[in-house]
Amino acid sequence: MTKYTWLTLAGMLAGLYTASAQELYVNSEPASNMAAKSLGIRLENQGYFKPDYRNRTTLEAMLGVNKYLMVHGTAYMSDFYQDKQRFEGVSTYAKYRFYSVDSVQRHFRMAAFAKASSIRNIQYNQEISLEGDNTGLQGGLVATQLMHKLAVSGTLSYLRAFENRGGYEPVNRNSIAYSVSAGYLLFPKKYTNYEQTNINLYAELLGKSNPGKGQYYVDIAPAVQFIFNSVLRVDLSYRTPLTNRMLRNTQNMYLVRVEYNLFNIFN
């Protein structure tokens, strides 16, 4: 394959991505969307080792409807609330990008998102989490700034918990979630073809608070990400508290994720 062909392919793939590599955050979503008319499949495992080893496996499908709208559908299975692994429930997520200012190697974008989950688990945690723990709704805003190889993003959202399936009442009904994420493109130093492996480093601050309860936490979650042939992504992360006054499962948790993207499959 000639150099011209490689560069053409690289340009086509760059055009397919509306999010740069360094803003594909591991523990949060950027304001940018995935490529339109494309499908992403994620398989993820998260867990903790104390007081004993527990883990959750997540299967997620992501669809880029157009350059403004993307949707997710997710299923959860874990042994967090019982001795054996079992199916916990599902969630759906939608993000709409409503503002963009783009220039060469820089952009600023804002998006609104909403999430809904239906879960069957007992509830004893003070944290409201729609990632397999609580039935509820979430809505918020995210803003992302790309500056050459560095991308910084902030998210603010409100969560409302409802009775879980099976008649389990939540410990708390309301929560505020916030995050600040930074991603840096370490390799390649210069793009020459789409088969080059991308290596991204991330640092994310993840927090929640329950209004009027004196319950809150802020975690730091460093991560490394590898992107192969522009379609296969591998994420490794570990989150640990900077401050914690909330009973939850997400304290001191590892994350391993594999994602595969199929571009332009609906054209």
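Mentor: Before we count linings, note that Ala, Val, Leu, Ile, Met, Phe, Trp, Tyr, Cys and Pro count as nonpolar, Asp, Glu, Lys and Arg as charged, and the others, Gly among them, as polar. This is a predicted model, in which local features need pLDDT of at least 70 and side-chain atom pairs count only at pLDDT 80 or more, while totals for chains, interfaces and linings use all residues. Residues are numbered from 1 along each chain as its sequence is written, and side-chain values use heavy atoms, with hydrogens and water left out.

Trainee: How many charged residues are in the lining of the second largest cavity?

Mentor: A cavity is a set of points, on a 1 Å grid over the protein atoms alone, where a 1.4 Å probe fits but cannot get out, and lining residues have an atom within 4 Å of a point. The second largest cavity is lined by 22 residues, with L24, M34, R42, R233 and E259 nearest its centre. By class, that lining has 12 nonpolar and 5 polar residues, and the number that are charged is 5.

Trainee: What volume of space lies in the largest cavity?

Mentor: A volume is the space filled by probe spheres set on the points, which are joined across faces, edges and corners. The structure holds 3 cavities of 30 Å³ or more, and the space in the largest cavity comes to about 920 Å³.

Trainee: How many residues apart in sequence are the parts that the pair of E29 and K95 ties together?

Mentor: A salt bridge is a side-chain nitrogen of Lys or Arg within 4 Å of a carboxyl oxygen of Asp or Glu, and in the bridge between E29 and K95 the closest N and O atoms are 2.9 Å apart. Because E29 lies in the loop between helix 1 (3–16) and strand 1 (38–48), whereas K95 lies in strand 4 (residues 86–103), the number of residues separating the parts in sequence is 66.

Trainee: Is K95 buried or exposed?

Mentor: Buried means under 20% relative accessible area, exposed over 50%, and partly exposed in between, with a 1.4 Å probe and protein chains only. At 0% relative accessibility, K95 therefore counts as buried.

Trainee: Which element holds R56, the partner of D133?

Mentor: The side chains of D133 and R56 meet in a salt bridge at 3.1 Å, N to O. This pair links parts of the chain 77 residues apart, with D133 in the loop between strand 5 (106–119) and strand 6 (135–147), and R56 in strand 2 (residues 54–64).

Trainee: Which residues are linked with E29 in a network of salt bridges?

Mentor: The structure holds 18 salt bridges, one of them joining R233 and D235 at 3.0 Å, N to O. Linked with E29 in a network are R42, E44, E60, K95, R233, D235, R257 and E259.

Trainee: Is the pair of Y48 and F80 stacked, edge-to-face or tilted?

Mentor: Rings of Phe, Tyr and Trp (its six-membered ring) pair if their centres lie within 6.5 Å, and planes under 30 degrees apart count as stacked, over 60 as edge-to-face and the rest as tilted. The whole structure has 9 aromatic pairs. For Y48 and F80 the ring centres are 5.3 Å apart and the planes lie at 35 degrees, so the pair is tilted.

Trainee: Over the face of which residue does R248 lie?

Mentor: A charge sits over a ring if NZ of Lys or CZ of Arg is within 6 Å of the ring centre and within 35 degrees of the ring normal. At 3.6 Å from the ring centre, R248 lies over the face of Y217.

Notes: Helices (H or I, at least four residues) and strands (E, at least two) are DSSP runs, numbered from the N terminus. On a 1 Å grid over the protein atoms alone, a cavity is a set of points where a 1.4 Å probe fits but cannot get out, and a pocket is an open set with protein on both sides within 12 Å along at least five of seven lines; lining residues have an atom within 4 Å of a point.
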